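Please read the structure below alongside this explanation. The text goes from pockets to the core and then to a pair of strands.

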Amino acid sequence: MSLHRLLGFHVDLPDPDALVAFYDELGLTGDAAAGFTGSDGGAAVTLGDGPFRRLSTVRVGCDGTDDLDAAAERLQHGGASVERTDTSVTVEDPVTGVAFSVETAEPMARQPAPTLVVPNSPGAVARPTRRAPAVFGSARPPRRLGHLVIGSPDVERTVGLLVDGIGFKVSDSIPGIMSFLRCSTDHHNVAVVDSPVPLLQHYSFECDDIDHLGHTATALYRADPARHAWGLGRHFAGSNFYWYLTDPSGAFLELYSDLDQILDDDEWERVGRTEFTVEHIANAWGPNLPLEFIVPHDLEALQHGWEARR
Ligand SMILES: [Fe+2]
């Protein structure tokens, strides 16, 4: 795979300091300019000032300059104008206004594996006469930024640019509504969902397991219950456990664990990839999809922001 990982994204927003304080509370490392990461480093969220919440840049890493040449050729063949440097190719999606940048970068360092805790289950007592260690756990920083979901008024066009131009692979899709795309072994690093306005719909940090996810989400929730947005549940696409909270910018922060990993593209095409129907968009189990995930609660502010920009 010439693309090998997500490098990060940039958001401009009216009050970056409030989001910085939220990331500090979550335990992320870094700052607005250099980017916030989880405890394993890797992909980063950078922040800047802007009149409304706007995703401006998404960066992905590739192996070498041959990959940049190939991406530039595909994009230009599709009619896009690209900006090329020695180390990057950048193209703007005309639908969402997001600048997608492919950059030569080192692969992400291997993540250290957590200690596996085998649970008690019917007929198999893994923890005789002992409490589960997880009950003594507490919130701790998530491991890394895994993916983001971009709201687009024209899903097919945005996905076309990402797949046919930049080189993302399609993992799953709900035709016309949502596509899950990967630039690494993660089931998805970028997803595109139908939206009345371009927006950063959510972004997601990986946790070790469901207890890490639960402790960390619970700490944010108890500090301010109004942050709770959706969860706990398990998605169809990617199979991951999830819990969403609203961040101070109005975007959703997802904490996840147990995401599908696609190590063999051909095998996934044979046995994994699925065209889901609309009832699968939400989850395999968990609370119903909140309305705010379809119509953003700050839709008017976003519409005004985009109108002022045109
Ligand atoms: Fe997600």
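Helices (H or I, at least four residues) and strands (E, at least two) are DSSP runs, numbered from the N terminus. Residues are numbered from 1 along each chain as its sequence is written. This is a predicted model, in which local features need pLDDT of at least 70 and side-chain atom pairs count only at pLDDT 80 or more, while totals for chains, interfaces and linings use all residues; side-chain values use heavy atoms, with hydrogens and water left out.

A pocket is found on a 1 Å grid over the protein atoms alone, as an open set of points where a 1.4 Å probe fits, with protein on both sides within 12 Å along at least five of seven lines; its lining residues have an atom within 4 Å of a point. The largest pocket is lined by 46 residues, and Pro 114, Arg 143, Glu 206, Cys 207 and Asp 208 lie nearest its centre. Helix 4 gives the largest share of this lining, four residues. Strand 1 (3-13) and strand 9 (144-152) each supply at least two residues.

Strand 14 (residues 228-234) and strand 15 (residues 241-246) run antiparallel, joined by five bridges. Arg 234 has Phe 241 as its bridge partner.

Conventions
Two strands pair if DSSP finds at least two bridges between them.
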